[in-house]
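Please work through each task before reading its solution.

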Amino acid sequence: MRTERLLLRRWTDEDRTPFAAMNADPGVMRYFPRTLTRAESDALVDRIERQFDEYGYGLWAVSTADDPFIGFVGLSWQRIDTPWAPALEIGWRLARRAWGKGYATEAAVAARDFAFRPAGSGVDGGPGGAGMDEIVSMTTVTNTPSQAVMRRIGMTYDPADDFVHPSLDAGHPLAPHVLYRLRSPAS
């Protein structure tokens, strides 16, 4: 999938090293409980690729004309223990060098549009989408940069959807989470 400046694509083995470096960067991972080891990062790529095999979409690796890998943006099924799950989540993680350039929003708009495009073949024989009626996005309450992207792509926030992430102890500073939602324009 292409945008004006970006290519959203399946992962390659060449993406693993820069992805591991990104996941080991404490700045990139500041809204996560910890950085990832190389083995954990590679296991995440394997899980992402399995989702592509199962659904035909997932968290796309993102490239620019000048940089073969700046991170990921895309769609991932969330099945965590919350009242709103299972749900298709739109999410992103970009390398520090890609911050502040509008890449997350640009790629998230493409992923959002894909999520709402009818499944299967498009009307003109083009690619289909995920055929969803709604997508969600979640993050810790302190992650205001990601919340800004959520708002820029049209998502809305309702404090009634706030939750404590079930994978973290309730007292952990990153446990309180917000949930943003977006309904398909066709719904």
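**Exercise 1.** How many aromatic pairs does the structure hold?

*Solution.* The model is predicted: local features need pLDDT of at least 70, side-chain atom pairs count only at pLDDT 80 or more, and totals for chains, interfaces and linings use all residues. Residues are numbered from 1 along each chain as its sequence is written, and side-chain values use heavy atoms, with hydrogens and water left out. Rings of Phe, Tyr and Trp (its six-membered ring) pair if their centres lie within 6.5 Å; planes under 30 degrees apart are stacked, over 60 edge-to-face, and the rest tilted. The structure holds 12 such pairs. In one of them, the ring centres of Tyr55 and Trp77 are 6.1 Å apart and the planes are at 40°, so the pair is tilted.

**Exercise 2.** Determine which parts the pair Tyr55 and Trp77 ties together.

*Solution.* Helices (H or I, at least four residues) and strands (E, at least two) are DSSP runs, numbered from the N terminus. Tyr55 belongs to helix α2 (residues 38–55) and Trp77 to strand β3 (residues 71–78), so the pair links parts 22 residues apart in sequence. Both residues also belong to one aromatic cluster with Phe52, Tyr57, Trp60 and Phe114.

**Exercise 3.** Is Ser184 buried or exposed?

*Solution.* Buried means under 20% relative accessible area, exposed over 50%, and partly exposed in between (1.4 Å probe, protein chains only). Ser184, in the segment after β8 (176–183), has a relative accessible area of 6% and is therefore buried. By contrast, Tyr55 at 28% is partly exposed.
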